[in-house]
Amino acid sequence: MKRTILVLFCLAITLMGVNKAVAQCPQGSELITNGNFESGNTGFTSDYSSTNSIYDPKAYEVSHTSSHVGFLPELTNTDHTYSDGHGQLMFVNGAANDCGSGSLSDAGYARRRVWEQTVTGLTANTNYDLSAWFKDVSNSILANIFYPNTPCGASGWALINIYINGTQVGSTLTVSGYDTWHQFTYTWNSGSNTSATITIKDANPAFLWNDFGIDDISFKSSAITLTTSTAVTNVSCYGEANGSITLTTTGGNGSYTYGWSGGLSGSAPTGVAAGTYTYTVTTGSGCTATGSATISQPDAISVAVTSH
């Protein structure tokens, strides 16, 4: 007589890094309103005045060309955004220290806010890229003609400091060299913050040459590489559901959500039957990576037994 016996072969095997999902996510959308000033004098606050004459220190105007004869005329019609004479920028007549009297008396305005805007709706523990462009627009030739003795005894390039939530970020930027755009960049981590107040100040209280343009202020979530690797423990016995999958994710803000096929959940599902499962990892900023993991099982072994 011949009988067939089904023998189950049991063995648990863990495989590391079987699959890896990688996603390159670009910078997020622009969070600054009117950072290129193309909408005019709107979207920001300033301790400087837009109603006083641009001839006065602590004054500014938003235009494609400045009415201030002390600014170099061949420079004032070239913004950073378009560089064709049609785009707008913010012209700033840097505030000077108290010079004693008259229109030169600006006590208390040096180092005040030139430009400020608050961005809300940020994701905690996320990197954000801050960028802004500055150039000197002083006319040193005219300045030396009209002010040969330098009022207040001070002159020099604008010195730009930028603050986020009251704390200076990055190094002081010296806006030197006529008609030369200088870029300020800084990557800021939001920590527990969900808003950022970005402030630009001029740290130079000089009267002469302390005139500059601002353009293309930008604040975006940083580009990231999101990588997820898998560790799979296969089913130990044919037909069982005791496998597991562990996902390890790097990149982004460290706050991840996981979506699965087959009814699985979380970053380390257990009690998994043999099969292939797809997953999607999503960061708090919306970057996603998709991959798959396969759980295997031992084959069932059939043994034929013949008895006499």
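Two strands are counted as paired if DSSP finds at least two bridges between them. Strands themselves are DSSP runs of E, at least two residues long, numbered from the N terminus. The model is a predicted one, in which local features need pLDDT of at least 70 and side-chain atom pairs count only at pLDDT 80 or more, while totals for chains, interfaces and linings use all residues. Residues are numbered from 1 along each chain as its sequence is written, and side-chain values use heavy atoms, with hydrogens and water left out.

By the pairing criterion, β5 is joined to strand β10 (residues 195-202) by seven bridges, and the two run antiparallel. Within this pairing, Trp 115 stands opposite Ile 200 of β10. Both strands belong to an open sheet of four strands, in the order β5-β10-β7-β8, with antiparallel pairing. At the edges of this sheet are β5 (113-120) and β8 (167-175), each of which pairs on one side only. From one strand to the next the twist averages 15°, where axes are lines fitted to C-alpha atoms and angles run from 0 to 180 degrees between N-to-C directions.

Strand β7 (residues 158-164) is mostly covered, six of its seven residues being buried; buried means under 20% relative accessible area, exposed over 50%, and partly exposed in between, with a 1.4 Å probe and protein chains only. On one side, β7 is joined to β10 by five antiparallel bridges, and Tyr 163 stands opposite Thr 199 in β10. β7 also runs antiparallel to β8, with six bridges, and the bridge partner of Leu 159 in β8 is Thr 174. The β7 and β8 strands form a hairpin with two residues between them, and Asn 165 in the turn has a positive phi of about 50°. Tyr 163 also carries a contact with a charge: the charged end of Lys 201 sits over its ring, 4.8 Å from the centre. The criterion for such a placement is NZ of Lys or CZ of Arg within 6 Å of the ring centre and within 35 degrees of the ring normal.

Gln 117 is located in strand β5 and is buried, with a relative accessible area of 7%. A polar atom of the Gln 117 side chain lies 2.8 Å from the backbone nitrogen of Thr 33. Polar contacts are pairs of N or O atoms within 3.5 Å; within protein, one must be able to donate a hydrogen and the other to accept it, and residues adjacent in sequence count only if both atoms are side-chain atoms. Leaving aside neighbours within four places in sequence, Gln 117 is in contact (heavy atoms within 4.5 Å) with Leu 31, Ile 32, Thr 33, Gly 43, Ala 196, Thr 197 and Ile 198.

Five bridges join β4 to β3 in the antiparallel sense, and Glu 61 has Phe 91 as its bridge partner in β4. β4 also pairs with β11 in the antiparallel sense, over four bridges, with Asp 211 in β11 as the bridge partner of Asn 93.

Ser 131 is found in strand β6 (residues 127-136) and is buried at a relative accessible area of 13%. Its side chain makes a polar contact of 2.8 Å with that of Gln 183. Not counting residues up to four places away in sequence, Ser 131 touches Gln 183, Phe 184, Thr 185, Asp 216, Ile 217 and Ser 218.

Seven aromatic pairs were found in a search of the whole structure. Rings of Phe, Tyr and Trp (its six-membered ring) pair if their centres lie within 6.5 Å; planes under 30 degrees apart count as stacked, over 60 as edge-to-face and the rest as tilted. Phe 44 and Tyr 60 form a tilted pair, with 5.8 Å centre to centre and 55° between the planes. Ring pairs link Phe 37, Phe 44, Tyr 60 and Trp 115 into a cluster.
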